[in-house]
Amino acid sequence: MGKVILENKLMKNKPLQISIYNEQKFLSIDESKIKSVLLKMLQDAEILQGSLEVAIVDDPTIHKLNVEFLGHDYATDVLSFEMDADSQKKFLEGNVIVSAETALNRASEFDQTPEMELLLYIIHGTLHLLGYDDHSEEDAPLMRQKETEYLDWVIR
């Protein structure tokens, strides 16, 4: 797992590559749906080169990564790490790690299926890599709007 996560593969000047690593057993994963929405998001942001890796893990794994990289001693829904980016050169390299276990446990709170909750986490983490933020009252509405836009695109 550690080799998959946070490994900078220096994808500059290479076509865009999206990789999905399913390392959990809680939910079945529709990789084509995930890749489709990620490709749309990256195209909308005019990202043409680089790599985006998504790892779908369990709570113990994301907890360990949250402690190791952010110093937060708890499981979380999503982590995102920008390895390299240059919007002028239309390049992004990053990682999104999401917990299928958290999605399964929390989906009913939001009247959502676990699969759509997980997809929301993937979209949310990718939006962070694309420069969106939800840490202030001023920025959060735009991020929520983009999340809804991409979720709606998936279920269209």
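Helices here are DSSP runs of H or I with at least four residues, numbered from the N terminus. All the views below come from a predicted model.

**View 1. Glutamate 115 sits in helix 4.** Setting aside neighbours within four places in sequence, look for Leu27 and Ser28, which are in contact with glutamate 115.

**View 2. Helix 5 runs from residue 140 to residue 155.** From first C-alpha to last, the 16 residues of helix 5 reach 23 Å, close to the 22 Å expected at 1.5 Å a residue. Which residues of helix 5 are buried? They are Ala140, Met143, Lys146, Glu147, Tyr150, Leu151 and Val154. These residues cover an arc of only 130 degrees around the axis, so they end up on the same side of helix 5. What do they pack against? Their partners are helix 1 (31–44) and helix 4 (114–129).

**View 3. The largest pocket holds about 220 Å³ of space.** Its lining takes in 14 residues, and Val78, Leu79, His124, His128 and His135 lie nearest the centre. Helix 2 (59–70), strand 3 (78–86) and helix 4 are the elements that give two or more residues to this lining. Sorted by class, the lining has 8 polar, 4 nonpolar and 2 charged residues.

Notes:
Residues numbered from 1 in each chain as written. Predicted model: local features only at pLDDT ≥ 70, side-chain atom pairs only at ≥ 80, totals over all residues. Heavy atoms only, no water. Expected span 1.5 Å × (residues − 1). Buried < 20%, exposed > 50% of the residue type's maximum accessible area, 1.4 Å probe, protein only. Arc of directions from axis to C-beta. Contact = heavy atoms within 4.5 Å. 1 Å grid on protein atoms, 1.4 Å probe; cavity = no way out; pocket = protein on both sides within 12 Å on 5 of 7 lines; lining within 4 Å. Points joined across faces, edges and corners; volume = space filled by probe spheres on them. Nonpolar A, V, L, I, M, F, W, Y, C, P; charged D, E, K, R; others polar.
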